[in-house]
Each structure stands twice: as structure tokens, then as C-alpha cells.
Amino acid sequence: MDRVEEMLGEVRTTFRGGRTRGVEWRKAQLQALLNLLAENEDKIFEALRQDLGKHPVEAYRDEVGVVKKSATNAFRCVEKWMAPQKGRIPLVFFPARGAVVSEPLGVVLIFASWNFPISLALDPVIGAISAGNTVVLKPSDLAPKCSSFLANTIPLYLDPEAIKVVEGGKDISEQLLQLKWDKIFFTGGPQVARLIMSAAAKHLTPVTLELGGKCPTILDTLSNSSDLQYNVGFNVAVKRIAGGKWGPCNGQACIGIDYVLVETQFASVLIELLKKFIKRFYGENLKTLENLARIVNKHHFKRVHNLLKDPNVAASVVYGGSVDEENMVIEPTILLNPPLDAEIMTEEIFGPLLPIITLNNIEESIQFINSRPKPLAIYAFTKNDSLKEKILQETSSGSLTFNDAMVQFLADTLPFGGVGQSGFGRYHGKFSFDTFSHEKAVLHRSFLIELEPRYPPWNDFKMDFVRLAYDFDYVGLVLLLLGLRGLFRRNRRQ
């Protein structure tokens, strides 16, 4: 506990010293982070291979490339983000001017997740640095090689008095949560999130929770053709589903596809196309699988494997289902209509199992989704504008993507975050800067004009004048000038 308190004291002293507030410090840290990525790419790839079995292409796409893009964008934009934003002031306060000034919150605690242990650690750090905060980063102990890499490498590049990395398990996390922070940012599951909110409430510390949930995919026909197997649009949709489900960390992603909703008459075509793309992308069977991350550890392997042990669930498997416990690998698995009350349909899967749920009409998908907790993302493949509008207006989710999966995560111009049980708060791009900033209202008034009633009749005129000034900006300006002229003439006559 003494070491953690000492670390917090050092970064708080650094923040109070003021050097993190300047744009020069912020840009220097962002450039240093880009240097870290460029000079240690192979080490990152190796750490990700050892922790999760990620292929270098996947490692760059989902980890290094994400952080590089985010840091580059922040480096280019941070001065613009820092600039005070002009605030429109009611004419009743004339002459006056207002602004919204973004100021850093202070000392930020960031808990990173294990499934993307580099990008989900450094991406929030970029936002915190851009906003001028000092940072304590707690990587996940479930990805020990990546945690060790961050702990040993970050102090060599970033300001060691302002940005700290603390390693450890549950005991260290509990010690960190006993202390007072100016902001806590957490990526993970709802069970731990509740503990973090409870601890933060003791100090009234604001939190951002990036959680997850069961993210559905709605698959419409995309064509009037009866032969969907050879329809280009339907093929592209299924290919993107296969890539979005198993490509990023083998289904261990908070915004990964959890299940697919499709009309009954098209389920068989969907299954055959999924089989084709699984074999093309990842291999024919368990022994020939490649380009797939493994399950992170024995505990999570057993958790996912146990989902298949329910006899009614096992009976719904139409492809895959094989496991290699020694190497913690589960084959991409497709299930058709597993029981809706089974754990696989009530809890987030977070693994390579894909249930397909059939409906009589695709519009029933809206009611199906709304009967469950709000997801972090909804994916809908359709060309039907009417269905798009219904999904947009009648469902609630952290994000909504049409005709693709997971790509919204890469758009810095869109906020990333959940709603309801899938979390709250948002980040990415300017939204990260805002998450770690306090928007302070600043108003400047003048001593030049002071309206002061001299006798009762003036009160009535003043009330009418104020009402108009609030209601009509430009008319109010004219009335203001005329009223001031009359006031000055009246004062002269007295």
C-alpha cells in the first residue's frame, strides 16, 4: 500500500506543478508514444503472441495500428482541442463575452483489459495525456507479457514523474481503489465495474465504464433473388460477419458479434456460407486452425467450454464444437436456435461460439433485441431503408453499424461507449479529450454599463426591456441601444 500511495503522491505533485497543462508537454508525450510503438513493434508482437496467440497481422490491425492512428490524430489536433470555445452570452448581460475552457481533471487511474492489452491500455492514456492529466495505468494481469512490456517500456519514453504503470492482480487493484482519484477509466466486465463504481462513490470520483454485452447482428436478405448463396451482397455480409466474429481475438471482444438474427427460410444458406468462410479464413478443422487467437487462460476456456456442455445447447451445434484444452483452443462453432433461456443466450459469450436465432419476419428482431439489456453495439445488414429507420429509432445501443461489423471502433470521429448495462461514458478522438477534461464555463463582464432603476416607473420599462432582450437577440440589441440612449437622456435631465 505504501508503494501505491507514494506513486499517487508523485503524480499528484507533478500535476500540481503545472507542467502537464502546456501543449508542449502534451505533444512531447504523444510523440514519445509514437516512438515507443515504432521502436518496439516486434516486442509487442511477441508479447501478444505469448499472451493470446495473436498473429502479427491481427496484432498490428487491432493493437499497434489502433494506437498509432489515435496518437497521430491527437498529436495533430490537440492544440485545436485545447482552444477555448466561444460561448454565446444573452444580450441582457451586454457588454460581456463567454467561453468554454477545457481543463485537465487531475490524476487519472486507467484499468486496461486483457483481450486487447496494448490498445485498450494506451488508447485511453492518449486521451488522458492530450487533456493534460497525469496517469496511473493498471494493465491486466491476465496478459502478463504485455503488462510487463508496458511497465518496463513506458518509463523509458514517457515522463516517468507524470505517467506510471503499476502491475499486479486483485490485491493491487483493491489498493488502488481505496485511494482518491480525479477520474477512473475502466474497461472490462460488469461484475468488476460494480466494485469500481462502489469504490469511486466514496470519493465522488467520476468514472467511465467500457463494458460489453450481447451484441446482436440482424441479417436481412439484401436481395430479391431466391438464390442467396450466389448473391454478391449476401455473400459479402456473411463474409463480414465471419471476419467480425472470429477475427478480432477469436470472439473475445466486447463489441464482437454475439449472435445472429435471421429469417428461418435463409438460415441454411447463412450456415453454409459461414462454413465456407471459416474454412477459407481459419482452416478446415481444429488441427489446421490458423490466424486465430487462443482463449486467454484455463478459467475462461472452461467457462466457454461449459456453455457447450448443456445437452440442449450441444444438440444445437451445426458446425465445429471441438476443443483443444491443452492449447486452450476452441474451434469456431455455429449453433442453430439454442434454448433462449440457456446461459449461452443470457450471458455474454466472449468466445468463438456463434448462435443463430431464426425469426418468422426480420422485423421481429427489434422486439427480440429490446427484450434484453442494451448492447454495446448492434450490427444490421440490410438495404431496406424502412428497416434501417426502425432499428435506428426503436432500439438503443452504444453504437449502430449498418452493413459491416466492428469498424466503428476505428473511427476517431465517432464516440465509442455503451449505454445501460453496456457501460457509460465515451472516448476516441476528441471524445477521449473531452472524457478526461472538465469544461469550465468562463464569463467576462464589463463595468461600462450598469442599469439601475431611479424611480418606480422605470421598473416596468426595465422588466419589459429584459423580457424582450431574452426573447429576441437582434431585436433585443436594438432595444438595448434605444433603452440605454433613453436612460442617458433621462439621467442628464435629472
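This is a predicted model: local features need pLDDT of at least 70, side-chain atom pairs count only at pLDDT 80 or more; totals for chains, interfaces and linings use all residues.
S102 stands opposite E439 in strand β18. Strand β2, made of residues 96-104, is joined to β18 by nine bridges, and the two strands run antiparallel.

These two strands belong to an open sheet of three strands, arranged in the order β1-β2-β18 with antiparallel pairing. The edges are taken by β1 (85-87) and β18 (437-445); each has a single partner strand, so one side of each has no neighbour in the sheet. Direction ignored, neighbouring strands of this sheet are turned against each other by 30 degrees on average.

## A mixed six-stranded sheet

A further open sheet is formed by six strands in the order β5-β4-β3-β6-β7-β17, and its pairing is mixed. Its edge strands are β5 (163-165) and β17 (423-424), each of which pairs on one side only.

Towards one end of this order, strand β4 (residues 134-138) and β5 run parallel and are joined by three bridges. Within this pair, V135 stands opposite I163 in β5. Helix α6, spanning residues 144-157, packs on the sheet and touches both β4 and β5. The direction of α6 makes about 155 degrees with that of β5. Helix α1 (residues 2-17) lies across β3 (107-111), β4 and β5. The direction of α1 is at about 155 degrees to β4.

## Strand β8 and its two partners

Strand β8 covers residues 216-219. P216 and I218 point one way from this strand, whereas T217 and L219 point the other way. In a regular strand, side chains alternate between the two faces of the sheet. All four of these β8 residues, P216, T217, I218 and L219, are buried.

β8 pairs in the parallel sense with strand β9 (residues 259-263) over four bridges. It also pairs in the parallel sense with strand β15 (residues 377-381), here over three bridges. L219 takes part in both pairings: this residue stands opposite V262 in β9 and opposite F381 in β15.

## The chain as a whole

The protein chain contains 18 helices and 18 strands. Of its 494 residues, 52% count as buried. The chain exposes about 23200 Å², and carbon and sulfur atoms supply 52% of that area.

Contacts between residues at least 6 apart in sequence were also considered: 71% of them join residues at least 24 apart.

Note on methods
Residues are numbered from 1 along each chain as its sequence is written. Side-chain values use heavy atoms; hydrogens and water are left out. Two strands pair if DSSP finds at least two bridges between them. Contact means heavy atoms within 4.5 Å. Axes are lines fitted to C-alpha atoms, for helices over the stretch in contact, and angles run from 0 to 180 degrees between N-to-C directions. Buried means under 20% relative accessible area, exposed over 50%, partly exposed in between (1.4 Å probe, protein chains only). Accessible areas come from the Shrake-Rupley method with a 1.4 Å probe; for residues, only the protein chains shown count as cover.
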